[in-house]
Amino acid sequence: MLPAQPFGRLLGRAVSSRRKEEVRVAGKRVMVAGLGNYGLWGTRHSVGMAMLNHLASKLSVADQWKTDRRCCGDVAITKLDDVELVLMKPRRLMNVNGLCVAGAAEAYSLSTEDIYLVHDDLDKPLGKVALKLGGSARGHNGVRSCISSLSSDCMVRLRIGIGRPVGEAAVDRYVLGRFTRTEQETLPQVFEQAVEVLLEHIRQRDDAKGSPAAGEERIRAPLETEGA
């Protein structure tokens with residue numbers, strides 16, 4: 001017969017594991033991760049984090065960010081109807097964002113299908129957002145890190161267009177640069193549209209008609225800016 005204390009611990013772990021499994025099966029919890037370079041605010045490459053700040057504000061949890069050392073990220077938790085939302089901003093550089101996303105997935109008992117990645121997209125002009133399910137990283141190092149760390153590419157991606165640099169400007173310098181004043185004036189409208197698309201998809205995520213599994217849904221923001 002096992003001693004009382006070890007048995008109690010084993011029982012507690014079993015109950016905890018069962019509860020986590022129930023949450024995972026029920027699909028009542030999802031995570032939205034804003035990819036970027038933590039600390040490099042206002043840059044094009046960190047637009048995913050900026051959008052997450054906007055989302056937190058819309059959901060009235062902008063003052064509830066807390067650092068979760070289990071995933072090395074800033075986390076805020078809220079509800080959308082009957083779905084629990086875990087908002088997460090990795091506290092690592094873009095190229096290793098996946099370590100934080102995978103850590104959060106484990107900490108909050110999430111499957112890869114319950115994860116939304118919000119990130120910048122060079123192939124779309126500022127003013128466009130696109131929702132996509134799965135597929136390759138398309139050269140995005142943050143997404144590549146997430147695919148590697150999670151051993152899956154099944155995450156839903158909300159891609160925010162930032163456009164490509166004009167002429168022979170280096171791409172790395174461009175993405176790490178800050179938005180121009182004109183672009184900054186456009187961003188609030190882009191974020192509003194992105195939040196609307198994201199929350200609507202989460203609400204309909206269990207409805208086959210609400211899934212972009214057959215391809216990519218392209219959504220144009222109210223104000224489109226060709227180029228960046």
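Ser46 touches Leu35, Gly36, Asn37 and Leu40, leaving aside residues up to four places away in sequence, where a contact means heavy atoms within 4.5 Å. Ser46 is found in the loop between β1 (29–34) and α2 (47–58), and is buried, with a relative accessible area of 3%; buried here means under 20% relative accessible area, exposed over 50%, and partly exposed in between, with a 1.4 Å probe and protein chains only.

This is a predicted model, in which local features need pLDDT of at least 70 and side-chain atom pairs count only at pLDDT 80 or more, while totals for chains, interfaces and linings use all residues. Residues are numbered from 1 along each chain as its sequence is written, and side-chain values use heavy atoms, with hydrogens and water left out.

Of the 228 residues of the protein, 50% count as buried. The secondary structure comes to six helices and eight strands, taken as DSSP runs numbered from the N terminus (helices H or I, at least four residues; strands E, at least two), and along the sequence they follow the pattern α-β-α-β-β-β-α-β-β-α-β-α-α-β. Among contacts between residues at least 6 apart in sequence, 71% join residues at least 24 apart.

Helix α6 (residues 181–203) has 23 residues, which should span 33 Å at 1.5 Å a residue, and its end C-alpha atoms are 34 Å apart, which agrees; the expected span is 1.5 Å times one less than the number of residues. α6 also bends by about 30° at Leu187, with a proline, Pro188, following within four residues, the bend being the angle between axes fitted to the seven residues ending at a residue and the seven starting there.
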